[in-house]
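Please look over the model below before reading on. My notes follow as numbered points, and the cut-offs are given where each term comes up.

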Amino acid sequence: MRITQSMLASNSLRNLSDSYLKMGKLQNQLSTGKKITKPSDDPVVAMKGMFYRSDLTSVDQYKRNLSELHLWMDNSEAGMDQANSGLQRVRELVIEGQNGTLSPEDRKAIAVEVGQLKQDLVKTANTQVAGRYIYHGTDVMNPPVEQEEPPVVATNITDPTQLKLINNYQVEVSKGVNLKANVNPGNVFSQDLFNVVGDIQTALETNNTSGLDGSLGKLDKVMDTMSAERADLGARSNRLDMVEDRLGQQDILANQVLSDNEDASIEKVIMDMTTQESVHRAALSVGSKIIQPTLMDFLR
Amino acid sequence: MSSTFMGLETARRGMMAQQSALYTTGQNVSNASTPGYSRQRVNFVQTEAYPSIGMNREQIPGQMGTGVKAGSIQRVREGFLDVQYRGENNKLGYWQSQADSLGKMESIMNEPSDSGLANTMDQFWQSLQDLSVDATNSGARSVVRQRGEAVADTFNYLSNSLSSIQKDQKSQIDVTVKEANSVLNQLNKINEQIGGVEPNGYLPNDLYDERDRLIDQLSSLVNVKVDYVKTGGNSDPKVEGKAVIKLVDDNGSELGTLLSDSNYKELKVNYDGVSNTVKTIKLGDPGEMDETKDTSLDFSQMNSSGKLKGLIESYGYEKKDVTDPTKTVAAGTYNDMLGELDRLAFTFANEFNKVHEDGFSPNEISNKTSEKIDFFSDSGNVTISQSGFASRIQISKDIKDSLDNIATAEGGIDPLTNLPRDPANATLGDATNVSALANVINEKLNYKTNEKSDFRNYYQNVIGAMGVMSQEATRLTQNSTSLQQAVDEKRQSVSSVSLDEEMTNMIQFQQAYNASARMITMQDELLDKIINGMGTGGR
């Protein structure tokens with residue numbers, strides 16, 4: 001094949017620009033740290049990249065949702081603990097009040113303490129977390145105990161069909177999996193609870209010891225119901241911890257997969273870059289050598 | 001008996017012929033870097049020998065040569081390589097314009113990234129999730145509205161940017177057609193000039209070069225086949241004749257004549273298809289549109305590659321619907337992508353609105369009335385329509401007016417009683433409907449007929465398909481570039497000027513010239529002997 005100067009020149013130019021193109025690509029990978037910058041670089045990586053990114057976003061989001069569940073469950077637990085010790089104390093006072101040696105004045109004094117405990121129960125029932133009444137199911141803007149003296153709970157707690165509607169504060173923790181955040185308002189701060197405590201208070205005030213007789217049983221029943229709800233909350237809290245663990249693992253995994261898919265291996269890119277640089281140097285030097293001498297340089 | 005001065009004449013001819021060869025060498029060296037220049041060669045021919053054959057020829061032994069003349073000046077070129085080059089150039093033109101338009105599309109879609117539609121949608125989903133855990137939080141509500149607006153804006157941005165590139169492509173098509181027509185006009189003029197020169201026995205090498213250069217240019221725009229017709233008169237047998245250029249499809253069958261030996265036709269692109277897409281391409285007399293005389297080619301049937309086809313295929317053309325052949329639809333890379341965006345936006349917005357209408361917003365709860373409130377709306381239209389929806393999607397006025405119109409609580413029909421739920425029973429803390437709204441993104445919907453998929457999956461497929469197409473176009477551009485370069489290299493190998501070669505020739509011609517001149521000196525000495533030295537014997 002006949003080769004001419006113009007062919008050599010254009011070939012050498014083309015090789016140089018190819019080499020620049022390759023270096024440009026590598027440089028891009030180095031500066032972005034990514035294997036690809038557009039889908040056509042590798043459509044499969046691009047598609048997977050979009051998928052993993054969405055995946056990672058959802059894992060992050062579910063983790064964020066968990067903190068809301070923690071907020072609700074931990075506060076519910078604390079409130080119920082406080083209510084339980086209050087009721088425990090009421091129970092002790094009932095037993096103390098039943099003691100025949102007490103004078104009516106002593107019983108009145110006990111009644112005052114029961115009254116205080118009742119107020120505390122009302123306050124606990126109306127606990128607000130971040131402006132929301134957590135013991136009122138989804139009806140978070142209204143207090144579960146509407147009237148404080150004597151305490152009257154909201155009608156949607158006493159009415160079973162309405163209770164079903166509000167006993168449902170759900171938080172999504174992973175795709176299609178919801179966890180209930182609230183405790184059943186009907187089982188925790190029920191009208192029964194306030195009635196029992198109210199009756200005890202009245203009985204003590206009026207020195208009506210016979211009125212206290214049935215109260216202990218009723219009080220135990222109310223406490224049992226609350227304990228059962230507390231156990232249920234505990235179980236859910238355990239499940240929450242498990243979900244949290246799993247999400248943590250998923251997060252690591254999703255990040256890893258995303259990185260495996262998209263991130264350029266810097267060592268490899270630097271190696272390639274160095275190789276390409278030396279190729280480029282060679283191309284430049286060959287170019288300068290080829291173009292210089294012609295026959296004219298020897299014709300004098 | 002030959003003439004006394006015959007030797008002088010032979011030497012003189014030698015000098016003249018070598019001189020013309022030196023001039024040609026000069027021409028080659030001067031044009032060493034002229035694009036499209038083919039090196040030229042002087043064809044030396046011996047002049048007629050003496051004596052010539054005849055009845056009363058002189059009876060001398062043998063025929064004596066009378067020297068040389070420059071018979072013709074011919075360019076060194078291989079026509080077959082031109083055909084090959086144009087075939088590759090044609091494909092290169094097609095793939096280059098495809099790769100270019102797909103590359104632009106990719107940069108607009110900008111995936112995978114933290115700012116594309118996929119990410120905007122993810123953020124919208126996140127904002128809905130945030131609201132679902134705390135339905136009374138007005139901050140979360142406002143984020144939902146903002147992110148919803150971002151989704152609508154992103155759709156608008158993508159759709160409008162694609163449309164404006166599409167408009168650019170239309171003007172590119174027009175420019176390309178103008179370029180082709182101007183090339184054809186120039187070719188026609190060159191044909192005329194060649195027709196004037198060739199009958200006089202000359203080889204118009206410069207015109208041939210110029211013509212080949214123009215045909216190369218034309219071949220990147222449309223697929224052409226070139227034939228030549230001889231000009232009459234006193235033509236040299238080596239003349240190329242006038243070029244006749246035909247528009248051909250990729251199988252080589254002729255679609256129409258672009259340039260004949262006497263006139264040329266103009267290409268015209270008609271945007272008479274559905275939604276202003278290209279339906280037909282016409283070939284007609286320059287300057288006039290005459291439906292009766294123009295050759296009309298149906299674009300969807302026209303399988304003729306080149307830059308023009310590449311541009312039209314990305315701009316948009318009309319073709320028969322695959323499912324219903326009686327209908328015609330707009331096809332083309334940009335139309336398809338715009339259609340996909342419309343489909344995504346339309347299907348998603350409709351389903352989202354349906355779920356949103358069912359739910360109860362804080363306003364509905366406080367007014368104790370059930371209303372149908374849309375989240376997304378179609379600007380300027382009451383009902384949402386699919387065609388072009390991606391460019392018009394926006395947040396509905398109700399949502400813009402009040403954040404408390406975002407329906408968070410569960411509404412719709414109670415499956416137990418089969419009765420509509422009562423907003424009076426709904427509570428502000430109920431976020432069931434927001435969860436359902438967030439789920440619309442993950443739900444498998446009919447984005448495509450008979451093929452359900454969720455928003456992300458469907459969009460990923462759209463981007464994946466675009467990536468594959470673009471990758472293919474880039475790869476084929478590279479392939480056809482290297483093929484075109486390989487053929488061009490072969491062509492250069494035949495036709496380009498080598499300075500070393502020219503210098504060698506120069507020395508050769510120069511020495512031959514010198515030698516001829518030396519012959520004259522020798523003749524002079526001979527004649528001096530005859531004239532001044534002979535007949536003086538005995539003096």
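1. Tyr52(A) is buried, at 18% relative accessibility. Buried stands for under 20% relative accessible area, exposed for over 50%, and partly exposed for the range in between, with a 1.4 Å probe and protein chains only. Phe51(A) has 43% and is partly exposed. The two residues form an edge-to-face aromatic pair, 5.8 Å centre to centre with 65° between the planes. Rings of Phe, Tyr and Trp (the six-membered ring for Trp) pair when their centres lie within 6.5 Å; planes under 30 degrees apart are stacked, over 60 edge-to-face, and the rest tilted.

2. Some ground rules. This is a predicted model, in which local features need pLDDT of at least 70 and side-chain atom pairs pLDDT 80 or more, while totals for chains, interfaces and linings use all residues. Residues are numbered from 1 along each chain as its sequence is written, chains are lettered from A and ligands numbered from 1 in the order in which they are written, and side-chain values use heavy atoms, with hydrogens and water left out.

3. How many aromatic pairs does the structure hold over all chains? The count is 22. In chain B, ring pairs link a cluster made of Phe124(B), Phe155(B), Phe348(B), Phe352(B), Phe375(B), Phe376(B), Tyr447(B), Phe455(B), Tyr458(B) and Tyr459(B).

4. His356(B) touches one member of that ring cluster, Phe375(B). Its other contacts (heavy atoms within 4.5 Å) include Asp374(B), Asn405(B), Asn433(B) and Leu437(B), with residues up to four places away in sequence not counted. His356(B) sits in helix α7 of chain B, residues 333-358. Helices here are DSSP runs of H or I with at least four residues, strands are runs of E with at least two, and both are numbered from the N terminus. At 1% relative accessibility, His356(B) is buried.

5. Now the interface. Contacts involve 47 residues of chain A and 53 residues of chain B. The two chains bury about 4400 Å² between them, 54% of it on carbon and sulfur atoms. Buried area is the accessible area (1.4 Å probe) lost by two parts on being put together, summed over both. On the chain A side, Arg2(A), Pro39(A) and Met50(A) lose the most area to chain B, together 16% of what that side buries.

6. Polar links across the interface come next. Chain A and chain B share 24 residue pairs in polar contact, both residues at pLDDT 80 or more. A polar contact is a pair of N or O atoms within 3.5 Å; within protein, one must be able to donate a hydrogen and the other to accept it, and residues adjacent in sequence count only if both atoms are side-chain atoms. On chain A, α1 (5-32), α2 (43-98), α5 (160-166) and β5 (170-174) each supply at least two residues of the side that touches chain B. The largest share, 14 residues, comes from α2(A). That side divides into 19 nonpolar, 14 polar and 14 charged residues. Here Ala, Val, Leu, Ile, Met, Phe, Trp, Tyr, Cys and Pro are nonpolar, Asp, Glu, Lys and Arg charged, and the others, Gly among them, polar.

7. There are 4 salt bridges between chain A and chain B. The criterion is a side-chain nitrogen of Lys or Arg within 4 Å of a carboxyl oxygen of Asp or Glu. One of them pairs Asp114(B) with Arg53(A), closest N and O atoms 2.8 Å apart. Asp130(B) and Arg64(A) form a salt bridge with closest N and O atoms 2.2 Å apart. Asp130(B) lies in helix α3 of chain B and Arg64(A) in helix α2 of chain A, so this pair joins two chains. Arg64(A) is partly exposed at 42%.

8. Over all chains, the search finds 50 salt bridges. Arg86(B) pairs with Asp216(B), closest N and O atoms 2.9 Å apart. The residues sit in helices α2 and α5 of chain B, 130 residues apart. Arg86(B) is buried at 7%, and Asp216(B) is buried at 11%. Both belong to a salt-bridge network, with Asp82(B), Asp212(B) and Arg491(B) among the other members.
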